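Please work through the following exercises with the sequence and the model at hand. Each task is followed by a solution in steps.

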Amino acid sequence: MDFLEKVRWTIEKHNMLKKGDKVLIGCSGGIDSMVLLDCIYRLKDEYELDITVAHLNHMLRQEAIEDELFVIDTCKRYNIKCITRSIDVRKIKEERKLSEEEAGRLARYNFFYELVNSLGLSKILLGHNKNDVVETFFLNLFRGSGLDGLASIPPVRDIVARPLIYMSREEIEEYAKENGIKYVIDKTNFSSKYKRNIVRNEILPVVKEKFGDGVIDTIFRTINIIRDENIQINELVEDAFNECVRKEDFYYVLDIKHVITLQPFLQRRLVKRTLKEFDMPISVEIVEDVLKLFSLPSGKKKVFDDLIVEKQNEAIVFYKKAEEKTFCFEIPLKEEYDIRYRNFEFKFKVTNEKEKEDSIYIDAEQIVDGKLFFRTRRDGDFIQLKVGKKKLKEWFIDKKIPKRWRDNIPLITKDSEVIVIFDIYSNAVTINQKYKVKPQTRQFLKIKFTKLEGV
């Protein structure tokens, strides 16, 4: 099949387009993106496409403005909408502590997705080819990537599709030559400053020389096998994630007893899958550090920038560092008072009789002076129980309340004395012995708390 037929075959094989799609084509001005633009333009009527081109000026080279103007001029000749933007990639690199390549990729994808959302587009088309796939495979191999990295660039991910993914760079060059397609040449593609260029210009030529030109096709087929098998493994990982990990507020809690029954490769992938929830760079070292926590005592933790991973009893808990979030409200004792906390509503009312059994009552006569507060725990809090006075911290330990819950459990207090503990996670209430209702009690503080549905 000829080049355009092969592009059409790729589109159909991976369901990249459907009739009436509004597509965004990422165009740098280089040969791959300009050939992609030409092919999609030729298929425009067949698929009834609405095409928009996006070009991002990375502000890294003096010639970058010339590339931008070239793309704009080409789009005018095709009569296609073109949107350009300039972003200081070096600034992103420094702020996010990324490589220049990573910062550029982040900026491009953010730009593309922003346009998709603002313009109501359905697909992003990019010009990655077979050689890019092989180069990325080697880059990830040298970085020590697992199967996710070795699967390299997929034909389709989310709304991003790559119609040239089965084309070699030689085929693309031949198509451009035959069809008189103009393009710009990025001089940085020849600089050994970038690791991809080392793979492209130094390593792969030697591989081809020693193993023959067909070795690129061979490696590409192997990558496709890795990708197919990795998809199946990821399905296993997703099943394990749903079984072994639960979300509690902003915590992700991994059940150790369940996880240790899994094969080691699934344990690693499960930790990696959990880390992905926090949008952070993931390395083999980080995954291994988390796995080491399994055998350490409760309370041990690992800190990765603003992510904390901590062993809490029989669980590994993942959570972000956060500023201390406490609340404190005074409860007026001369009127009805309502407070919403998280997905609960608390109603307070002073009354002279016990009205309903579905409410909690405490002896209001014991609150003769001082103020009553609805708040979370503080250092020095204590509660009076039948067995005597106990620090709140000790009560939490005795009741095996997980550490991640303790800062969120609401209390009624007078100074440092805890009058009521509302364990909203177990739906249990503990009342200070001193404030429990007695036969002679004549004034009550009625408390009703209700879980709000759909909040």
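**Exercise 1.** Determine how many bridges join strand 20 to strand 21, and in which direction the two strands run.

*Solution.* Step 1: locate strand 21 at residues 428–431 and strand 20 at residues 417–423; strands are DSSP runs of E with at least two residues, numbered from the N terminus. Step 2: count the bridges; 4 of them join the two strands, which run antiparallel. Two strands pair if DSSP finds at least two bridges between them. Step 4: inspect the hairpin, where 4 residues lie between the strands and Asn427 has a positive phi near 60°.

The model is predicted: local features need pLDDT of at least 70, side-chain atom pairs count only at pLDDT 80 or more, and totals for chains, interfaces and linings use all residues. Residues are numbered from 1 along each chain as its sequence is written, and side-chain values use heavy atoms, with hydrogens and water left out.

**Exercise 2.** Describe how strand 19 is joined to strand 20.

*Solution.* Step 2: Ile412 has Val420 in strand 20 as its bridge partner. Step 3: the hairpin of these strands has 2 residues between them, and Asp415 in the turn shows a positive phi of about 55°.

**Exercise 3.** State how many residues of strand 20 are buried.

*Solution.* Buried means under 20% relative accessible area, exposed over 50%, and partly exposed in between (1.4 Å probe, protein chains only). By this criterion, 7 of the 7 residues of strand 20 are buried.
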